[in-house]
Amino acid sequence: MEYRYIGRSGLRVSPICLGTMTFGSFCDKKTAFTLMDHAYEAGINFFDTAEVYPVPPQAKTVGITEEIVGEWLKTKPRDSVIVATKVAGAASGWFVPPVRYGLTAMDRHHIMTAVEGSLRRLKTDYIDLYQMHWPDTVVPKEETMEVFDELVRSGKVRYLGTSNDTAYGVTKSNIIAEYSGYKRFESIQNNFSLLNRRFLDEMVQLCRTEKVSLLPYSPMAGGVLSGKYNLEAEPQGRFTTYKNHPENRVQLMAKRFVNEKTLRSTEQYMAIAKELGIAPATLAIAWSKQFDFVASTLIGANSLAQLEESLAAADLTLSEEVLQKCTAVHNQILYPMG
Ligand SMILES: NC(=O)c1ccc[n+]([C@@H]2O[C@H](COP(=O)([O-])OP(=O)(O)OC[C@H]3O[C@@H](n4cnc5c(N)ncnc54)[C@H](OP(=O)(O)O)[C@@H]3O)[C@@H](O)[C@H]2O)c1
């Protein structure tokens, strides 16, 4: 397996990272341990979590995923695993997280409180990559970057990253860091898949010029690119649960991922995968990790069979011809996730 550096950091990670956001909700602890063991034995050294996981985030379950990951981490030599976690972003935006009474902000108090909670649940004395889960448009970025910098200098955190951020947000934060002598964001986690290529419109320029790595999340569009969804049936899966969830925000997420355009595109990607003799899931993961600005693609799995189809992409390189066929699907059905 080819390992890659995240940004200009010393973190050398597998091209596939096992995301853990369903551990403790869609996936029980025993299965989670089996999946993490299997991934580790296959050469995966990178695991991503967050203080608000599992999904969908709820007050009664928040923190469980980090506890599961922390317990598992104890079974492995600490330095053989690269652990990423995230501090919940500002409550002033699209989502009020069920932590710290829904008053979160990217200020000193919340970042310091969050990191202590994550270290405790992860049962470790350092986090390899500490990420802002989503940005804050109220608190000045000078304050946020100063606090993040202190975490690195104190040894609690090795490197910093951001998520769900814009080109403006990353650039401004990293310019502040550069001129203040602070540590910068080495990575960005954004949604990026065959069904959502928005990242290629603008963010790509930032990543290439500034050597900030993309860690794409939902590369299988949360399971849609496996081909199991259609408009009539209700297969077992995240978006069937989300479609019937009481919260409007969660129902909207199901509609964004499973709609007439995403399903029509998926059918075409399934045909490409069939020609290659690989699973559609494998095609989706291989595609997302094949960009020069991607360090590692963040997959999710709730069973060994699912994990295997994603891991099959680890050493797979798609030919130029296949990439062109994928682009042709996109050109025909533009931005299926909106
Ligand atoms: N920063 C952020 O805001 C953010 C947001 C989202 C995710 N993430 C990170 O990215 C990670 C991965 O996200 P994701 O889970 O959305 O990634 P994904 O790889 O696009 O989707 C994974 C999901 O697809 C389904 N699946 C996987 N393999 C399958 C297969 N072979 N056949 C059929 N269904 C299959 C499973 O869900 P079902 O079994 O339920 O169908 C699985 O949980 C997360 O764990 C988290 O670490 C970060």
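Reader: Let's start with Ala284. Which residues is Ala284 in contact with, leaving aside its neighbours within four places in sequence?

Author: Happy to begin there. In this predicted model, Ala284 is in contact with Ser193, Leu194, Pro219, Met220, Leu225 and Tyr269, once neighbours within four places in sequence are set aside.

Reader: And how should I read a nonpolar core around such a residue?

Author: The general idea first: in soluble globular proteins, nonpolar side chains tend to be buried together. Here the largest nonpolar core has 93 residues, and Ala284 is among those that touch the most other members, along with Ile16, Cys17, Leu18, Leu129, Leu225 and Ile285. Helix 10 supplies the largest share of this core, six residues.

Reader: Is helix 10 enclosed or open, and why?

Author: Helix 10 is largely enclosed by the rest of the structure, because ten of its ten residues are buried. The buried set includes Trp287, Ser288 and Lys289 as well as Ala284 and Ile285. The cover over these residues includes strand 3, helix 9, strand 10, helix 11 and helix 12 (320-332).

Reader: Helix 9 is in that list. How do I describe the packing of two helices?

Author: Two packed helices are described by the angle between their axes and the distance between the axes. For helix 9 (residues 260-276) and helix 10 (residues 280-289), the angle is about 100 degrees and the axes are 8 Å apart. That angle makes helix 9 roughly perpendicular to helix 10.

Reader: Which residues meet there, and how do they divide by class?

Author: From helix 9 come Tyr269, Met270, Ile272, Ala273 and Leu276, and they meet Pro280, Thr282, Leu283 and Ala284 in helix 10. The contact has eight nonpolar residues, one polar residue and no charged residues.

Reader: Now the ligand. How many residues surround the ligand, and which are the closest?

Author: The shell has 30 residues, and the closest are Gly19, Gly223, Ser226, Gly237 and Gly300. Strand 10 (297-299) and helix 11 (304-311) are the elements that give two or more residues to this shell. Helix 11 gives the most, with three residues. By class, the shell divides into ten nonpolar, 16 polar and four charged residues.

Reader: Which residues of helix 11 are buried, and what do they pack against?

Author: Leu307, Glu309, Ser310 and Leu311 are buried in helix 11. The buried residues of helix 11 pack against strand 3 (16-19), helix 1 (29-41), helix 10 and strand 10.

Reader: How far apart are Lys86 and Ala114, in sequence and in space?

Author: They are 28 residues apart in sequence, and their C-alpha atoms are 8.6 Å apart in space. For another pair, Arg238 and Val115 are 123 residues apart in sequence and 29 Å apart in space, again C-alpha to C-alpha.

Terms used:
Residues numbered from 1 in each chain as written. Predicted model: local features only at pLDDT ≥ 70, side-chain atom pairs only at ≥ 80, totals over all residues. Near = placed C-beta within 6 Å. Helix = DSSP H or I, 4+ residues; strand = E, 2+ residues; numbered from the N terminus. Nonpolar A, V, L, I, M, F, W, Y, C, P; charged D, E, K, R; others polar. Axes fitted to C-alpha atoms, helices over the stretch in contact; angles between N-to-C directions. Parallel < 35°, antiparallel > 145°, perpendicular 65-115°, else oblique. Contact = placed C-beta atoms within 7 Å. Core = buried A, V, L, I, M, F, W, Y, C linked by C-beta atoms within 7 Å. Buried ≥ 20, exposed ≤ 12 C-beta atoms within 10 Å, placed from the backbone.
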